[in-house]
Amino acid sequence: MASTGQPQSTLKRPSPAVNREGDKLIITPLGAGNEVGRSCVYMSFKGKTVLFDCGIHPAYSGMAALPYFDEIDPSTIDVLLITHFHLDHAASLPYFLIEKTTFKGSVFMTHATKALYKLLLSEYVKVSRASVEDMLFDEHDILRSMDKIEVRFQHPMIDLQAVTD
């Protein structure tokens, strides 16, 4: 690089003037970190918490199939977003929503994902080889969970006060 006599600019960003603890982005995989199955990622930023996906591990049954929910406090989650429907991304949602955890936030997914959610989870319950003691939810739990899921279109901007503040 030819010298122009001007001081060379640095490519580093300037340090922030204020480093507040609340500005720290915390991402915690609760499953699927090193494997396929149990997709569930906890994210916290500026005092708001989002959970991405809530799946099961298809190779396990009962509590062993769930994400590691014991590492978080579900009551602190503002929003749960289901990215798409596969069992490993959404199949523990009935367990998470129906009074088996302290979660009280909102749940969002697309219309197509919600239609598949009901259809495939109902079939999952019917064909599951898990013993009655290992079943995490039943058809009634799936139907009850449907009322707690809000449908959003594929591409709109959603202004969530819980996330944007």
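The model is predicted, so local features need pLDDT of at least 70, side-chain atom pairs count only at pLDDT 80 or more, and totals for chains, interfaces and linings use all residues. Residues are numbered from 1 along each chain as its sequence is written, and side-chain values use heavy atoms, with hydrogens and water left out.

**Exercise 1.** Determine the order of the strands in the open sheet and state which strands are at the edges.

*Solution.* Step 1: strands (E, at least two residues) and helices (H or I, at least four) are DSSP runs, numbered from the N terminus. Two strands pair if DSSP finds at least two bridges between them. Step 2: the open sheet has six strands in the order E1-E2-E3-E4-E5-E6, with mixed pairing. Step 3: strand E1 (26-31) and strand E6 (149-152) are the edge strands, each pairing on one side only. Step 4: from one strand to the next, the twist averages 25°; such angles run from 0 to 180 degrees between N-to-C directions, and axes are lines fitted to C-alpha atoms, for helices over the stretch in contact.

**Exercise 2.** Describe how strand E3 is joined to E2 and to E4.

*Solution.* Step 1: strand E2 (residues 40-45) runs antiparallel to E3, and five bridges join them. Ser 44 has Thr 49 of E3 as its bridge partner. Step 2: E2 and E3 form a hairpin with two residues between them, and Lys 46 in the turn has a positive phi of about 50°. Step 3: strand E3 (residues 48-52) runs parallel to strand E4 (residues 79-81), with three bridges between them. Val 50 has Val 79 as its bridge partner in E4.

**Exercise 3.** How many disulfides are there?

*Solution.* Step 1: a disulfide is a pair of cysteine sulfur atoms within 2.5 Å. Step 2: by this rule the count is zero. Step 3: Cys 40 is in no disulfide, and the nearest cysteine sulfur, that of Cys 54, is 5.1 Å away. Step 4: buried means under 20% relative accessible area (1.4 Å probe, protein chains only), exposed over 50%, and partly exposed in between. Cys 40 counts as buried because its relative accessibility is 1%. Cys 54 is also buried, with a relative accessible area of 0%.

**Exercise 4.** Locate Asp 88 and list its contacts.

*Solution.* Step 1: Asp 88 lies in helix H1 (residues 87-90). Step 2: contact means heavy atoms within 4.5 Å. Leaving aside residues up to four places away in sequence, Asp 88 touches Val 36, Gly 37, Arg 38, Ser 39, Gly 55 and Ile 56.
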